[in-house]
Amino acid sequence: MPVMTEPVHAGEFIVSEGNNSISRELVELAADLTLLPGTILGKNTSTDVFGPLDPAAALNGESGLQMAAGVLWDHVTTDATGGEGVIIARLAEVHQDLLVWPEGITDEQKTTAVSELASLDIILRTGEQG
């Protein structure tokens, strides 16, 4: 019998968050994306559009995407015009093992992103959830 792996569910990475919707924000997302819950996002500072964290973004002329600006709440697929998604933007604890990081991110880049999230009061936790 084949082994099946269940994907991360919406918000499963949350350990705790602020009351009501203080931790969440509805944001514009870049075009042509398919993202999982827990994806670390950056924000293009010239367009205010969010996309996956990209440590090399500044080198590619996409200023801001190299800085962690939030964590995607749910599965999202955007079309050629982009779309919207809910992010954890502040005041939350998240389970670090359930976060989705860019492929090839270095330990140094990850440490920087963790610090950027901490500046938003998004704190990474280890161990058991809840």
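Which residues touch the most other members of the largest nonpolar core? In this predicted model, where local features need pLDDT of at least 70 and side-chain atom pairs count only at pLDDT 80 or more, totals for chains, interfaces and linings use all residues. Numbering starts from 1 along each chain as its sequence is written, and side-chain values use heavy atoms, with hydrogens and water left out.

The answer is Phe13, Ile40, Val71, Ile88, Leu99 and Trp101, out of 18 residues in that core. A nonpolar core here is a set of buried Ala, Val, Leu, Ile, Met, Phe, Trp, Tyr and Cys residues joined through side-chain atoms within 4.5 Å; buried means under 20% relative accessible area, exposed over 50%, and partly exposed in between (1.4 Å probe, protein chains only). At least two residues of this core come from each of β6 (68-72), β9, α1 and β10. Helices (H or I, at least four residues) and strands (E, at least two) are DSSP runs, numbered from the N terminus. Val27, Leu41, Phe50 and Val76 belong to a second, separate core of ten residues.

On to the sheet. Three strands make an open, mixed sheet ordered β1-β9-β10, with β1 (14-17) and β10 (122-125) as its edges, each pairing on one side only. Strands pair if DSSP finds at least two bridges between them. Strand β9 (residues 92-95) runs parallel to β10, joined by four bridges; His95 has Arg125 of β10 as its bridge partner.

Helix α1 (residues 107-119) holds Val114, which counts as partly exposed at 29% relative accessibility. Beyond its neighbours within four places in sequence, Val114 is in contact (heavy atoms within 4.5 Å) with Trp101 and Leu124.
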